[in-house]
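Notebook open, model loaded. I want to go through the charged pairs, then the sheet, then the rings.

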Amino acid sequence: SGRAIIHDIELESNGEKGIQEINYLDELILHIHATIDPDIKYPSVGVTILGQELQNIVQSNSAYHGVEICNSGEEMEIILNLGRINLNPGKYSLALSIQSESVGEVLVKCYNYKSFRIIGNFFGYAFVQIPGDWEIK
């Protein structure tokens, strides 16, 4: 719609920005640089991690989690800490959307915007590896 622009998404892990890969269970932080029409006072932002086949794997949406983004119309940096990533080793990419208030009109959507790799010494058949709480009796 031209009412929002995503300038860049920068990945950070272990205090290092501009990365393209992380180790399994490392923290992943996204730095989203965007400008949004000033008429949209409280936009929402959705981030999805896609698998190699471009399937939606995990999602985080500011509106669903009660995060209020106050927009002035100036370029802003939105920082999203996704925590420790327990996705199986492989190649992934990000999709990002910015919507008007309460997940309304889609102002901009970028699919397969930035790719990154998760490094590990094992292979899993599912996308997510759940450590679980194992007990042997």
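This is a predicted model: local features need pLDDT of at least 70, side-chain atom pairs count only at pLDDT 80 or more; totals for chains, interfaces and linings use all residues.

Residues are numbered from 1 along each chain as its sequence is written, and side-chain values use heavy atoms, with hydrogens and water left out.

**Entry 1: salt bridges**

My criterion is a side-chain nitrogen of Lys or Arg within 4 Å of a carboxyl oxygen of Asp or Glu. How many salt bridges does the structure hold? I get four.

I looked up Glu-105 with Arg-3 and found a salt bridge at 3.1 Å, N to O. The two sit 102 residues apart, Glu-105 in the loop between strand 8 and strand 9 and Arg-3 in the segment before strand 1. Asp-37 joins Arg-3 and Glu-105 in a network of salt bridges.

Next, Lys-114 and Asp-8 meet in a salt bridge at 4.0 Å, N to O. This pair spans 106 residues, from Asp-8 in strand 1 to Lys-114 in strand 9. Lys-114 is partly exposed at 25%, and Asp-8 is partly exposed at 31%.

Glu-135 and Lys-137 form a salt bridge too, with their closest N and O atoms 3.4 Å apart. I note Glu-135 as exposed at 59% and Lys-137 as exposed at 90%.

**Entry 2: Glu-12**

Is Glu-12 buried or exposed? Glu-12 is buried, yet it has no salt bridge: Lys-17, the nearest side chain of opposite charge, is 5.0 Å away. For charge, Lys and Arg count as positive and Asp and Glu as negative, with His and the chain ends not counted. I place Glu-12 in strand 1, residues 4–13. What I did find is a polar contact of 2.5 Å between the side chains of Glu-12 and His-31. (That means N or O atoms within 3.5 Å; within protein, one must be able to donate a hydrogen and the other to accept it, and residues adjacent in sequence count only if both atoms are side-chain atoms.)

I traced an open sheet of five strands, order 3-9-8-5-6, with mixed pairing. (Two strands pair if DSSP finds at least two bridges between them.) Strand 3 (21–23) and strand 6 (56–61) are the edges.

Strand 3 runs parallel to strand 9 over three bridges, with Ile-22 opposite Ile-118. Strands 8 and 9 are antiparallel over nine bridges, and Ser-97 has Lys-109 as its bridge partner. In their hairpin, Ser-102 takes a positive phi near 55°. Strand 5 is antiparallel to strand 8 through seven bridges and to strand 6 through five.

**Entry 3: rings**

Two aromatic pairs turned up. (Rings of Phe, Tyr and Trp, its six-membered ring, pair if their centres lie within 6.5 Å; planes under 30 degrees apart are stacked, over 60 edge-to-face, the rest tilted.) I looked up Tyr-24 and Phe-122: the centres are 5.0 Å apart and the planes at 85°, so the pair is edge-to-face.

Terms used
Helices (H or I, at least four residues) and strands (E, at least two) are DSSP runs, numbered from the N terminus. Buried means under 20% relative accessible area, exposed over 50%, partly exposed in between (1.4 Å probe, protein chains only).
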